[in-house]
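I opened the notebook to write down what I looked up, entry by entry. The sequence and structure come first.

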Amino acid sequence: VRAKTAVLRLGGMGEVVLAGRITAALAPVVFVTRRAWLTLAAALPGVVEARAAEDGLDLRDCGAVVDLQGSLRARWLLARAGGGPRRGLARADLRRRARVWFKLPAPAPLPARFAAAAGGPAAPAPWLTAPGPPAPPAAWGLVPGAAWATKRWPPEAWAALITQLPGTLRLFGGPEDDALLSVLAEAAPARVEIIVEAGFERTLPGLAACGVVIGGDTGLSHLARALGRPTLTLLGPTTAEDGLWADHAHTLGVDLPCRPCSRFGGPRCPVGDHACLRALEPGQVAAAAAALRAQP
Ligand code: SF4
């Protein structure tokens with residue numbers, strides 16, 4: 001029997017989803033994460049158990065540990081947890097800051113650094129399967145929310161997109177997105193379904209049954225891609241080569257000298273006009289989404 005490997009990544013959601021690109025190769029895996037992501041972590045390939053970092057860690061039943069966080073907190077948690085030999089993520093904080101400040105070349109993106117820490121390649125999409133029987137991919141999936149304001153395409157642009165896409169649409173978000181999604185649904189109330197939840201019970205099968213998913217640089221967009229759905233990602237203050245979308249072919253972004261202006265997004269545009277996302281026209285996004293949907 002192969003010994004279990006403990007894999008630690010605390011969050012956010014997109015990074016936990018991306019960790020699923022290396023968990024199958026390390027199976028059987030005990031995944032350690034924040035309590036909010038336990039259900040998601042348990043669904044990753046090769047994961048036999050998900051444990052909350054908040055509960056205090058005991059990894060003495062694991063033969064090896066892969067630390068995908070690489071932070072001081074992670075090291076502190078793991079130092080007390082036991083477990084076997086440890087491999088860790090090569091963090092790139094300084095190079096990422098230098099990239100934002102001086103627009104130097106981007107360091108290796110996170111999926112590549114995850115793979116290096118795990119000692120094997122990152123799996124291609126799809127790497128996640130939704131529970132339950134497969135449903136025909138019919139609706140458009142939209143993910144309008146994001147943790148940081150600068151990563152959000154303006155609500156009026158989403159509303160215009162909704163009017164331009166034919167057929168049924170499904171809007172996804174967490175409880176913090178509820179008000180925004182309710183307003184957006186008014187653009188086409190007879191054709192829009194809203195899926196808002198803190199967990200993933202409806203979100204996973206709902207995303208898996210979308211023909212194309214359109215969203216910002218946020219966790220649910222990563223989840224859609226992990227499930228193998230054609231995903232069109234609207235990038236603003238972050239760029240594909242800087243982060244989590246490095247090997248994803250379907251991103252839209254405006255070429256501006258201020259990009260990237262932050263590592264994770266921020267509360268307001270440092271320049272003031274938020275042109276990186278405001279200049280993305282709904283018609284342009286609708287055309288790109290239709291082209292993606294038409295691909296065999
Ligand atoms: S317009 Fe430039 S400075 Fe403003 S949020 Fe976008 S990338 Fe950042």
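Entry 1, the cores. I looked up the largest nonpolar core and found 40 residues in it, with Phe31, Leu68, Leu128 and Leu223 having the most contacts inside it. A nonpolar core is a set of buried Ala, Val, Leu, Ile, Met, Phe, Trp, Tyr and Cys residues joined through side-chain atoms within 4.5 Å. Buried means under 20% relative accessible area, exposed over 50%, and partly exposed in between (1.4 Å probe, protein chains only). The elements that give two or more residues to this core are α1 (13-26), β2 (29-33), α2 (38-42), α5 (110-118), α8 (203-208), β9 (210-216) and α9 (219-226). Helices (H or I, at least four residues) and strands (E, at least two) are DSSP runs, numbered from the N terminus. α1 gives the largest share of the core, 7 residues. Another core lies apart from it, with 28 residues, among them Leu165, Leu171, Leu277 and Val285.

I noted that this is a predicted model: local features need pLDDT of at least 70, side-chain atom pairs count only at pLDDT 80 or more, and totals for chains, interfaces and linings use all residues. Residues are numbered from 1 along each chain as its sequence is written, and side-chain values use heavy atoms, with hydrogens and water left out.

Which residues does leucine 128 touch, not counting residues up to four places away in sequence? I listed Ala43, Leu44, Pro45, Leu204, Leu223, Ala226 and Leu227; contact means heavy atoms within 4.5 Å.

Glycine 228 follows α9 and has a positive phi, near 85°.

I searched the whole structure and found 3 aromatic pairs. Rings of Phe, Tyr and Trp (its six-membered ring) pair if their centres lie within 6.5 Å; planes under 30 degrees apart count as stacked, over 60 as edge-to-face and the rest as tilted. Tryptophan 101 and phenylalanine 102 are edge-to-face, at 6.3 Å centre to centre and 75° between the planes. Both tryptophan 101 and phenylalanine 102 are exposed, whereas tryptophan 153 and tryptophan 158 are both buried.
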